[in-house]
Amino acid sequence: MENLSQEQITEKAIIYSALMLHDDEIKVTSEKIQNVLKSANIQFESYMVDMYVRFFENNEIGNLISSGGSVGTVSTETNTADKKEEEEEPEPEPEPESESESDDDMFGGGLFD
């Protein structure tokens, strides 16, 4: 661990804390992870803990473990909800492009005109 940056150490500690809580069947919350980190004298920024907690709220830790960490197959509930929303909302029609556009307009030109 001597070759790791402080940020990498913090990230590993947050993940290990979440795994410990999950193993003890305790809900993973920001407050509980922070308590574990404080007990272990790990320096951390609260935004990092919050970021990981949001990730774990959207991705069941047990599923992450059993899938080898592959996030794509884990969140089937959110994928299903997203697909339903896509089906309900029709895609907007693309606006027709006018024939009189110059090459400068097509390539974002005119910056120094």
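Visitor: Helices (H or I, at least four residues) and strands (E, at least two) are DSSP runs, numbered from the N terminus; how many helices and strands are there in the protein?

Guide: The protein has six helices and zero strands, and its pattern along the sequence reads α-α-α-α-α-α. This is a predicted model, in which local features need pLDDT of at least 70 and side-chain atom pairs count only at pLDDT 80 or more, while totals for chains, interfaces and linings use all residues. Residues are numbered from 1 along each chain as its sequence is written, and side-chain values use heavy atoms, with hydrogens and water left out.

Visitor: What share of the residues is buried?

Guide: Of the 113 residues in the protein, 19% are buried, where buried means under 20% relative accessible area, exposed means over 50%, and partly exposed lies in between (1.4 Å probe, protein chains only).

Visitor: Let's take helix H2. Which of its residues are buried?

Guide: In H2, which spans residues 30-39, the buried residues are Ser 30, Ile 33, Gln 34 and Leu 37. They lie on the same side of H2 because they cover an arc of only 100° around the axis, the arc being that of the directions from the helix axis to the C-beta atoms. Glu 31 and Ser 39 are exposed residues on the face of H2 turned away from that buried side.

Visitor: And what do the buried residues of H2 pack against?

Guide: They pack against helix H1 (6-23) and helix H3 (46-58).

Visitor: Can we zoom in on Leu 37? What does Leu 37 touch?

Guide: Leu 37 sits in H2 and is buried, with a relative accessible area of 1%. Leaving out residues up to four places away in sequence, Leu 37 touches Ala 13, Ile 14, Ser 17, Ile 42, Phe 44 and Val 49, with contact meaning heavy atoms within 4.5 Å. Leu 37 and Ile 14 are 23 residues apart along the chain, and their C-alpha atoms are separated by 7.3 Å.

Visitor: What about Val 36, is that residue buried or partly exposed?

Guide: Val 36, also a residue of H2, is partly exposed, with a relative accessible area of 21%. Apart from neighbours within four places in sequence, Val 36 is in contact with Ser 17 and Met 20. Val 36 and Leu 21 are 15 residues apart in sequence, with 9.2 Å between their C-alpha atoms.

Visitor: Switching to the backbone: where is Asn 41 found, and what is its phi?

Guide: Asn 41 belongs to the loop between H2 and H3, and its phi is positive, about 55°, although the residue is not a glycine. Most residues other than glycine have a negative phi. With 69% relative accessibility, Asn 41 counts as exposed. Glu 25 also has a positive phi, near 60°; this residue is placed in the loop between H1 and H2 and counts as exposed at 74% relative accessibility.

Visitor: New topic, the aromatics. How many aromatic pairs are there in the whole structure?

Guide: A search of the whole structure finds two aromatic pairs. The rings of Tyr 52 and Phe 56 have their centres 6.4 Å apart and their planes at 35°, so this pair is tilted. Phe 55 and Phe 56 form an edge-to-face pair, with 5.6 Å from centre to centre and 65° between the planes. As for the cut-offs, rings of Phe, Tyr and Trp (its six-membered ring) pair if their centres lie within 6.5 Å, and planes under 30 degrees apart count as stacked, over 60 as edge-to-face and the rest as tilted.

Visitor: Why are Tyr 52 and Phe 56 separated by about one helical turn?

Guide: Because they are four residues apart in helix H3. Tyr 52, Phe 55 and Phe 56 form one aromatic cluster, in which Tyr 52 and Phe 56 are both buried, whereas Phe 55 is partly exposed at 30% relative accessibility.

Visitor: Last one: which residues line the largest pocket?

Guide: The lining consists of His 22, Ile 26, Lys 27, Val 28, Phe 56, Glu 57, Asn 59, Glu 60 and Ile 61. On a 1 Å grid over the protein atoms alone, a cavity is a set of points where a 1.4 Å probe fits but cannot get out, and a pocket is an open set with protein on both sides within 12 Å along at least five of seven lines; lining residues have an atom within 4 Å of a point.

Visitor: What is the volume of the largest pocket?

Guide: Its volume is about 190 Å³, a volume being the space filled by probe spheres set on the points, with grid points joined across faces, edges and corners. The lining residues divide into four nonpolar, two polar and three charged, where Ala, Val, Leu, Ile, Met, Phe, Trp, Tyr, Cys and Pro count as nonpolar, Asp, Glu, Lys and Arg as charged, and the others, Gly among them, as polar.
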